[in-house]
Amino acid sequence: MTDVTEVVEPAPEEEPEQPEAPPPPPSIDKELQRLSRRGFLVFGAGSIAAYAGWKLLSHATRIGDVQWPLRRGFETNEKLAAAYFKEKRLSPTFPPSARTYPRINGGVGLHENYDTSTWNLNMDGHTLTLEEIKAFPKREMITEFRCIEGWSYIAKWSGARLSDVMAKFPPRSNTPYVAMETPGAEYYVGLDMQSAMHPQTLLAYELNDQPLTWQHGSPLRLAIPVKYGIKNIKRIATIRYTNIKPADYWAERGYDWYSGH
Ligand SMILES: Nc1nc2c(c(=O)[nH]1)N[C@H]1C(S)=C(S)[C@@H](COP(=O)(O)O)O[C@H]1N2
Ligand SMILES: [Mo]
């Protein structure tokens, strides 16, 4: 009688070759290198732990019980934003003399002949003209604009705080995400609510004191210095609140959905 358990295969001399994992897309690879380079050279290893902690914390608060001050209006807006972003989470600001040439990059959803006179913003179902956006308090900041490819420039942005506009048109429920699209939705970004509420997140209509050119996203674009360039959507036509993590143009092409730095 043969017992199958007695049929012992001789041990292979070498480990059978494992199928190789496919290499990560080059963009992710570059991104990781960049992150570790920046992490170690600029901030040191300690801040990486702090950053990881912050990521965890921000994730916890994102899925946690965030009370939208719907009934009381948004008087607690600032407090809410402050709870998420300690002072160190403010993006650094610079004197005017530190400004550098604002590079142009990324033209998805931008068309030179776009008629800005017919443009308006669909703010979660409400139609806003540029004048109505300019009626919000004008905020100005000189911040570093950083493309994920490694270059940056320092520029002055002026516009309405997204949180001010959101305060006037709040979500109907505790939606954790904000989605934005160009006219025609060729370019689109998703933002977590904390980043949307950040005091330095502007719906900008001026760059270096001039109305935006079409290449920089006229008439209205996002200036969000806590995020890489990819999230700074140019020529916004639609903003909406959503419970579902919004589609994001560059996240679909291999970059981190959050793309904070
Ligand atoms: N509509 C739109 N917005 C966009 C992009 C784009 O291709 N289309 N590219 C993004 C990227 S990758 C960068 S770095 C910045 C560049 O903004 P700037 O041309 O104003 O410097 O725009 C971002 N916003
Ligand atoms: Mo970019």
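Author: Gladly! Two strands count as paired if DSSP finds at least two bridges between them, and the strands themselves are DSSP runs of E, at least two residues long and numbered from the N terminus. The model is a predicted one, in which local features need pLDDT of at least 70 and side-chain atom pairs count only at pLDDT 80 or more, while totals for chains, interfaces and linings use all residues. Residues are numbered from 1 along each chain as its sequence is written, chains are lettered from A and ligands numbered from 1 in the order written, and side-chain values use heavy atoms, without hydrogens or water.

Let us start with the pair S5 and S10: residues 177–181 and residues 238–242 run antiparallel and share 5 bridges. Within that pair, Tyr177 faces Thr242 of S10. Both strands belong to an open sheet of 5 strands with mixed pairing, ordered S2-S1-S10-S5-S6. Its edges are S2 (126–128) and S6 (188–192); each has a single partner strand, so one side of each is left without a neighbour in the sheet. On average, neighbouring strands of this sheet are turned by 20° against each other, direction ignored (the axes are lines fitted to C-alpha atoms).

On the way from S5 to S6 the chain passes through a loop that holds Ala185. Ala185 has a positive phi of about 60°, although it is not a glycine. Another loop, between S8 (210–211) and S9 (221–223), contains Pro219, and the peptide bond joining Ser218 to Pro219 is cis, with omega about 0°. Most residues other than glycine have a negative phi, and most peptide bonds are trans.

A further antiparallel pair consists of S3 (residues 139–146) and S4 (residues 152–161), with 8 bridges. Here Glu144 sits opposite Ile154 in S4. The two strands make a hairpin with 5 residues between them, and Gly150 in the turn has a positive phi of about 120°.

Taken alone, ligand 1 exposes 530 Å², and the protein buries 98% of that (areas by the Shrake-Rupley method with a 1.4 Å probe).

How values were computed: Helices (H or I, at least four residues) and strands (E, at least two) are DSSP runs, numbered from the N terminus. Axes are lines fitted to C-alpha atoms, for helices over the stretch in contact, and angles run from 0 to 180 degrees between N-to-C directions.
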